[in-house]
Amino acid sequence: MLSWELRRDVLDIIMAGGGGHIGGDMSVLNALLVLYKNHLRITPETTNDPDRDRFVLSKGHAMEAYYAVLCHRGFLDLDDVKARFNKCGSPYIGHPNNKLPGIEMNSGSLGHGLPVCVGMALAGKRDGRKYRVYTILGDGELAEGSVWEGAMAAGHYKLDNLCAVVDRNGLQISGPTEDVMSHEPLRARWESFGWHVLEVNGDSIPELDGAFSQAKSLKGKPTAIISRTTKGFGSPLMENKAEWHHHLPAAEEYEAIKKDFEKGKGAAARE
Amino acid sequence: MNKIPNRQAICQTLLKHAATDKSIFALCSDSRGSASMSPFFQRFPGQSVEMGIAEQNLVGIAAGLASCGKKPYAFSPACFLTTRSYEQAKIDCAYSDTNVKLIGISGGVSYGALGMSHHSAQDIAAMAALPNMRVYLPSDRFQTEKLIEALLQDEKPAYVRVGRNPVEDIYREGACPFQLDKATWLRGKGEAVRAAIIACGEMARPALEAAEALAEEGISASVLDMYCVKPLDREAVLEAAGLADIVVAVEEHSPFGGLGSMVAQVVGEYCPKRVKCLSLPDAPVVTGTSAEVFAHYGLTGEGITRTVKELLS
């Protein structure tokens with residue numbers, strides 16, 4: 001139910017701001033929601049607590065989904081985000097801005113989140129703190145070499161307080177990831193860098209929830225969760241279409257997507 | 001002749017403080033030997049991080065450490081640190097505003113005959129163009145120590161370039177006046193002179209030698225040690241320019257976007273005077289040791305003296 005309401009928030013934020021990365025927003029939303037709602041130990045009151053869990057959105061272009069979740073969790077005000085997103089002088093830009101409460105690091109340039117999170121996890125280990133560190137990467141992002149530099153270091157330093165989610169929606173701006181630059185066998189790649197690997201259907205909230213729980217119990221290595229998702233999830237109009245990477249819905253598309261989200265919400269309510 | 005290179009002075013300064021300040025971290029990219037940081041890694045393994053040959057990771061991880069309250073000093077040859085990890089310097093350090101100190105070792109043409117791959121003649125321009133990134137090129141070991149002491153006190157990102165080889169002392173133990181972001185007058189403060197020479201890094205020494213040689217020939221020159229290239233000490237530049245007939249900027253850098261460009265920008269806008277920029281060429285430099293390269297391009301006391309005399313004649 002909640003995830004469908006947040007999908008609607010994402011849509012409205014994009015329409016209000018006149019742009020956004022709607023396809024990736026929809027594929028990553030469940031992971032963001034499950035993480036913030038059930039696992040990440042941070043609240044608007046603890047954004048400077050040295051023991052807080054850390055999160056970095058490495059696929060920073062999925063910012064509208066992140067706004068929706070940060071608003072839902074009380075870090076930001078949804079009406080304010082909608083009123084000022086992308087507007088001149090606004091702090092609400094199209095990628096993470098760490099001047100906003102709850103956002104640790106700026107991103108937007110791909111391949112940055114994992115190395116930064118390795119530093120955060122290393123600091124936690126050296127200090128004997130119990131916090132965990134999470135990042136979410138896009139699958140197209142995996143072509144950036146710095147991702148694998150970070151993966152190598154996380155494996156080397158056995159950072160089991162680190163969990164990286166790959167939003168494996170299979171599409172990037174130019175088309176299918178396997179046509180643009182292949183990433184399979186993805187599980188084997190992460191394993192070879194010294195990681196535990198979990199694979200889930202990332203369109204399923206219970207599956208994601210279970211994976212985040214399991215990752216906490218996996219010791220000795222960092223954990224990668226390959227979250228197999230649907231780009232544009234929630235509306236057949238957008239699903240699995242690369243052109244919806246950052247397409248701004250026209251008025252009639254907006255209405256159709258809204259209806260699809262209502263249907264999804266209704267179906268979720270009946271379950 | 002001094003035998004302690006500036007990079008070693010950095011290690012000694014960090015060693016002095018790391019025992020009491022456990023937030024000081026050193027990161028190297030298979031570069032601890034060339035960075036003179038082996039003593040730090042041996043003595044403080046819990047505050048040392050080896051990244052392997054991965055400069056992007058070096059800087060990204062340093063930013064992550066900084067966001068958790070550490071004071072990371074990331075060491076790598078200046079050539080790799082400032083271009084291979086430029087994106088990380090931009091996003092993870094400057095833009096995210098993390099307390100990362102990027103230490104570019106063996107800067108400029110320190111690596112001599114190893115070739116252009118190992119030269120960093122663009123680092124000032126590259127790093128200074130990033131909003132929120134400061135750029136420092138200390139001249140000698142005493143100033144290097146003062147600079148690091150000062151940088152340990154703040155929480156903003158900065159880039160520091162030092163050379164590979166020991167350089168002749170400019171200052172003395174206990175006699176190194178230093179104020180962060182204020183240039184140090186080496187000669188002629190407040191005096192009307194024929195030439196104002198403004199230099200940074202290893203060029204401060206030949207600038208001083210030139211001023212001394214010129215004085216013997218009856219030509220007065222002031223000398224500014226502009227270790228703080230960004231933020232440039234504009235006040236000092238204008239004071240020097242205002243009291244001189246010509247301004248000569250000297251740097252171990254490309255002709256574009258370095259100290260000379262910045263000095264010319266300030267002088268041109270506020271105090272129009274003739275500005276001569278002595279630098280490396282816009283080309284791979286001749287093969288040779290750094291001393292030979294400097295001599296070839298007139299970046300020596302003798303070369304600077306010659307230039308000043310030509311300009312004034």
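The model is predicted: local features need pLDDT of at least 70 and side-chain atom pairs count only at pLDDT 80 or more, while totals for chains, interfaces and linings use all residues. Side-chain values use heavy atoms, with hydrogens and water left out; residues are numbered from 1 along each chain as its sequence is written, and chains are lettered from A in the order in which they are written.

**Interface extent**

- In contact (heavy atoms within 4.5 Å) are 27 residues of chain B and 25 residues of chain A.
- The two chains bury about 2000 Å² between them, and carbon and sulfur atoms account for 53% of it. Buried area is the accessible area (1.4 Å probe) that two parts lose on being put together, summed over both.
- Asn57(B), Cys68(B) and Tyr95(B) supply 25% of the area that chain B buries against chain A, more than any other three residues.

- One salt bridge is counted between chain B and chain A, a salt bridge being a side-chain nitrogen of Lys or Arg within 4 Å of a carboxyl oxygen of Asp or Glu.
- Lys70(B) forms a salt bridge with Asp127(A), with 2.6 Å between the closest N and O atoms.
- Strand S2 (48-50), helix H3 (55-67) and helix H5 (86-95) of chain B each give two or more residues to the side that touches chain A. Helices (H or I, at least four residues) and strands (E, at least two) are DSSP runs, numbered from the N terminus.
- H3(B) gives the most to that side, with nine residues.

**Sheet in chain B**

- Five strands of chain B form an open, mixed sheet in the order S7-S9-S8-S11-S12; strands pair if DSSP finds at least two bridges between them.
- S7 (184-187) and S12 (274-278) of chain B are the edge strands, each pairing on one side only.
- S8 (193-199) and S9 (221-225) of chain B run parallel and are joined by five bridges. Ile197(B) stands opposite Val223(B) in S9(B).
- Helix H10 (259-270) of chain B packs on the sheet, touching S8, S11 (244-250) and S12, and its direction makes about 175 degrees with that of S12(B). Axes are lines fitted to C-alpha atoms, for helices over the stretch in contact, and angles run from 0 to 180 degrees between N-to-C directions.
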